[in-house]
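I opened my notebook to get to know a new structure. Here is what I looked up, in the order I went.

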Amino acid sequence: MPISAISLEPDPPEAEPGFLAKLQSSAADVADGFGDWAIFAFRAVTGLPTRQWKWNEYFRSAFDVGYSSVAVVAVTGLFIGMVLAVQTYTQFHAVGLDTSIGAIIHMSVVRELGPVLAAVMLAGRIGTAMAAQLGTMRVTEQIDALSCLGVDPVRFLVTPRVLACITAIPLLTILADLMGVVGSTFICLGVFRIDEYHYWRHTENFVKIFDVCVGLTKSILFGGALCLITCHRGFRSRAGAEGVGRAATEGFVISFVAIIFLDFLMAMLTNTVHGWLYSSIGPRLA
Amino acid sequence: MTPLFRLQNVTVRFGRQTVLSNVTFDILPQETLALIGESGCGKSVTLKLLVGLLAPTEGDVLFEGRSIAGLTPRELTVLRRRVGFLFQGAALFDSLDVFDNVAFGLRAHGGVGDVEIADRVSRGLADVGLPPAVAKKMPVELSGGMRKRVGLARALVLDPEAMLYDEPTTGLDPIMTDVINELILVARRRRPLTSVVVTHEMRTVQKVASRVVMLYPHSRLGPGESQVLYDGPADGLLDSPDGRVPQFVLGEARDRVTERRTDEIDD
């Protein structure tokens, strides 16, 4: 009789767990997953000062993240600026505040929409690609092969990607900001014929270097978070095409939620810091 | 003789699923051990335990008498550099050509110049019977047998003390199966090498193994029962010329289940 013919009794059926048991199990899974991610992220970030990764891997990732995303980020930024201008004009024109539109839109773009939209676009475009690429490497045992060849796979594969994201995404955010300003200016000055002098004067009074720094700080945080989340999902991908697809989807969804959550935390923090810095010179529109 | 590897009462669980249960056996220096058993009985998991890619849930895996779980990351890296691994699908790096795949470990370990790397890679490819022209091909351009041979070359250029083969002949035609079996034998002849071969192919067992460990599926065992159904010389298991499992092994499997049923009825 061949080995495969040894079949003497079926597996006993498992009892279906109750609602509370399922809830407990889900909570434990979430806590496990977060702990696992924290260790993974620590290992990747502490790899930066080591030589366990290659510069060519960094340049390849930076090219994918940065250069290949220029067009999509530029177009997104341009249209966001234009849409904001159209929507805001109706409201502000009714109360005679047309010339303040530039200040409001530019502040929104530089502090919030530029960093958030650039990060979300890149989470969809780059994050899912990284999760799928690393997931495929996981299921084809290439990550195990790296370990067996004496290479730390997290530091070899993830550390250069983190560095690529935290250097390239701020540059893309600056591009998104600029294109947002171009888009809104085109609509406000070119279409709605708002007074140019006061449009720029209000922008100059309202948007400070602090706001640009806040936007860029956010973009660095978002870049690091989306990279670490999507790479982690890829590393923990389950077997098969479905497993890799699920890793890519989870990577995008979790990084999107993380970006919004970090944006909220940064808004709270920067408002407090802004209060400390500017309380002595009064409110901005005074 | 001190074993190179020792599995002591090893149990592995993934969540609620038990993959290995109470497995104990030794792997002696310079022997070729075949690890056989049905699909899903934990053979590949056992191989991954030996290089610390997985950790046992219970029990211990020892390398030269030291627990792998107690090794520092640096010591684990050193262990992995001493042990070659041929993966089931060869696990070649998609983005690198054959030359860079084979050279990868040499470059990662450092201390080897470009000229020596080129020399060792071409010798490695020749050792597994691949022509120099293959060096510039990408993995996607290779057949299954060629991929396995490149994977073998990648492991062997590092001069490992032990080789772990995860189903080296699965999915290959009979001729290529013989080629891979022959390469396993040649690798052992060329250097003092401990080999562990996970396989379903009884022809491979017959040809390369000096000792056989047969694992029995955990799902058909009682609590705490060992999965090791047979641990002994290959000749003792392979007494059947058509490569089928002999009756005494099947008899032992039936006895275990019968004892379990009797115990359950008594309870």
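**Notebook: first look**

I began with the elements and found nine helices and zero strands in chain A. For these I used DSSP runs numbered from the N terminus, with helices being H or I of at least four residues and strands E of at least two.

I noted that this is a predicted model, where local features need pLDDT of at least 70, side-chain atom pairs count only at pLDDT 80 or more, and totals for chains, interfaces and linings use all residues. Residues are numbered from 1 along each chain as its sequence is written, and chains are lettered from A and ligands numbered from 1 in the order in which they are written.

Next I checked confidence: chain A has a mean pLDDT (the predictor's confidence in each residue, from 0 to 100) of 87, and 92% of its residues reach 70 or more. Over residues 1-8 of chain A, pLDDT stays under 50. Where pLDDT is low, the predicted coordinates should not be read in detail.

Then I looked up the extent, and the C-alpha atoms of chain A fill a box of roughly 90 × 50 × 40 Å along the principal axes. I also looked at burial: 42% of the 286 residues of chain A count as buried, with 20 or more other C-beta atoms within 10 Å of their own, C-beta atoms being placed from the backbone.

Last, I turned to one helix pair. Helix H1 (residues 19-45) and helix H6 (residues 153-191) of chain A pack at an angle of about 80°, with axes 8 Å apart. H1(A) and H6(A) are therefore roughly perpendicular, a label for angles of 65 to 115 degrees; axes are lines fitted to C-alpha atoms over the stretch in contact, and angles run from 0 to 180 degrees between N-to-C directions.

Conventions:
Parallel < 35°, antiparallel > 145°, perpendicular 65-115°, else oblique. Contact = placed C-beta atoms within 7 Å. Buried ≥ 20, exposed ≤ 12 C-beta atoms within 10 Å, placed from the backbone.
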